[in-house]
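Thanks for coming. I will show one model and walk through a few of its parts.

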Amino acid sequence: MCGIVGYIGPKGAFDILIQGLKRLEYRGYDSAGVAMVDADGKINVHKSRGKVANLERVARAGDTSGSLGIAHTRWATHGEPNDINAHPHVSQSGEIALVHNGTIENYAVLKQALEKHGYTFKSETDTEVLVQLIDYVKHHNQCTLQEAVREALLQVDGAYAIAVVEKGDPDTLIVARKSSPLVIGVGEGETFIASDATPIIGYTDRVIYLKDNEMAIIKRGGDLSIRNVKSSTPTQIDIQQLKLSLAQLEKGGYDTFMLKEIFEQPSTLRDCLRGRITDDCSRVVLAGVEMHKDVFLKAKRITLVACGTSWHAALIGKRLIQDFCRIPVEVEYASEFRYGNPVLDSDDVVIAISQSGETADTLAAIELAKEKGAFVYGVCNVVGASIPRATDSGTYIHVGPEIGVASTKAFTGQVTVLTLLALAIGQLRGVTDKDTVRSVASALREIPDVIEETLKCDPEVKNISRIFTYAHNFLYLGRGYNYPTALEGALKLKEISYIHAEGYPAAEMKHGPIALIDQEMPSVIIAPSDYLYDKIISNVQQVKSRGGAVVAIVSKGNTAMNDIADYCIEIPAVPACLTPLVASIPLQLMAYYIAVNKGKDVDQPRNLAKSVTVE
Ligand code: G6P
């Protein structure tokens, strides 16, 4: 979380930085700040609590000159969101300004030592400790800023992506990273830096993904050198081509990114599936599996690790892999797995699922799995992010940038890739026969069209959402493949409308949550016509007989629920293993409209961030 951006070149930095922060705002939006070094070497700093628009207003009233600058949008970890804790932080001497994404774990010890040297602190942040440390090293060692940054970073434990500028030097920008992402955009005589590539698009398509423990010294005019922080030796510069377009980062006529992302699922899933199923549907081809056939043939167990929505996709992945590969599968929250002393060896495959490819807990889980000898496979969206680079192999979901904080198209992309993966491994191990592969793969190939059809429920869902806008609690129930769908539906509602919602296996509901049901507590029941349909009907009756209102998601043409549920939303019939892909559409829409009815900011819900790069 937190986004950083920087610029050095011939143009005024301020507008570029503000525009960049707006693109990175999904990473955090508690407070924001900017520092420009003007031609005389003076540092102009502006900070503001709240969103980037506030900062822009505040800063425009002051001096925004300078063609070198750094900026930050914050998701608070150390210290509440206010102007003082906002970045950039400036050292006590007033000479050095710094922005930081990550966490300095040993900040308390460093702070105590700096206090002994006469440093005082204005903020509660770990970042201020780092800028003071650089300042101390620079004065104590009488060295250059570049050397001071390197020396200071050697004393730091934790994760960081930083950008640093110095008073009196409008010609140098220094950046470094460890465990937090940082991208450098190489333009014509100008250079951009950012937490991800989105602020860079539109200026250049040539990027460098800085690696862990690397720092870059960027000079006015475009000169750039990269060195290893630990060894101080120069490292090779690897410029890659960026394949993102500006259109992918805009709302395309929708009111919000979330609505755009819900409605673009037919096309994102077409992109996700492209080239991965043979024309006759007899085979699924995933390069990441093909290149490591031996690993998947000998695997004795598969463990899926993820956080948030990606964890819900993992739960669906478990069922898919169990059904099509007959391998034992476990699903773990990455944050629990990493500290859970897992038993793993070289016969284990760990699949890490992450939209952003940057989630700190998932990244740590991967490192642990690798240490224990497991083979690690990534299912990610953001190309070139830390997780796909840390894994042994993987498959991108290719759904394009997801900007709404509540994940929608990434979830369906993840479930689609996990379905492909289960079929690919199942066919490789000879567990899933050709006919099964053919029938599931051909149904999967139709899913983008089926979702297009499903989206026609939009007006109906919008109407139903009005009835339930002011409910205080919701229960989401599903069984089999759709128990995770229920969890994901509840999470969507919680995230953006701030209504308490619980997802539960429908049959387990009678062991506790049933006590909560009354006229005030609606239930959303995911009940497509599958092998558990009759069972779920009786679960619905249990809710109805306690006076609870029921919204049921049912397969088109199945009328049995009409007399029992209060509202039925029909979705097209698909094989059971694909129902989560379709059933999640009305759930996304329902959460969306309830939040909009309540006047909430759906793209940037309170307290959340899209990319969680801290523990
Ligand atoms: C945050 C986001 C969620 C996301 C989770 C995991 O909490 O708000 O939408 O599901 O992180 O992120 P990842 O990028 O690893 O999928």
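I start with Arg326, which is found in the loop between helix H10 and strand S16 (329–333). Helices (H or I, at least four residues) and strands (E, at least two) are DSSP runs, numbered from the N terminus. This is a predicted model, where local features need pLDDT of at least 70 and side-chain atom pairs count only at pLDDT 80 or more, while totals for chains, interfaces and linings use all residues. Residues are numbered from 1 along each chain as its sequence is written, and side-chain values use heavy atoms, with hydrogens and water left out.

Back to Arg326. Its phi is near 50°, a positive value in a residue other than glycine. Most residues other than glycine have a negative phi, and most peptide bonds are trans. Arg326 is exposed, with a relative accessible area of 60%; buried means under 20% relative accessible area, exposed over 50%, and partly exposed in between, with a 1.4 Å probe and protein chains only.

Gln142 has a positive phi too, near 55°. Its place is the loop between helix H4 (126–141) and helix H5 (145–154), and Gln142 is exposed at 69% relative accessible area.

Pro88 sits in the loop between strand S4 (68–74) and strand S5 (89–90).

Last, two helices. In helix H16 (residues 458–468), the buried residues are Asp458, Val461, Ile464, Ser465 and Phe468. They cover an arc of only 125° around the axis, which puts them on the same side of H16; the arc is that of the directions from the helix axis to the C-beta atoms.

In helix H18 (residues 533–544), the buried residues are Tyr533, Ile536, Ile537, Asn539, Val540 and Val543. These fall within an arc of 160° seen down the axis, so they line one face of H18.

Conventions:
The expected span of a helix is 1.5 Å times one less than its number of residues.
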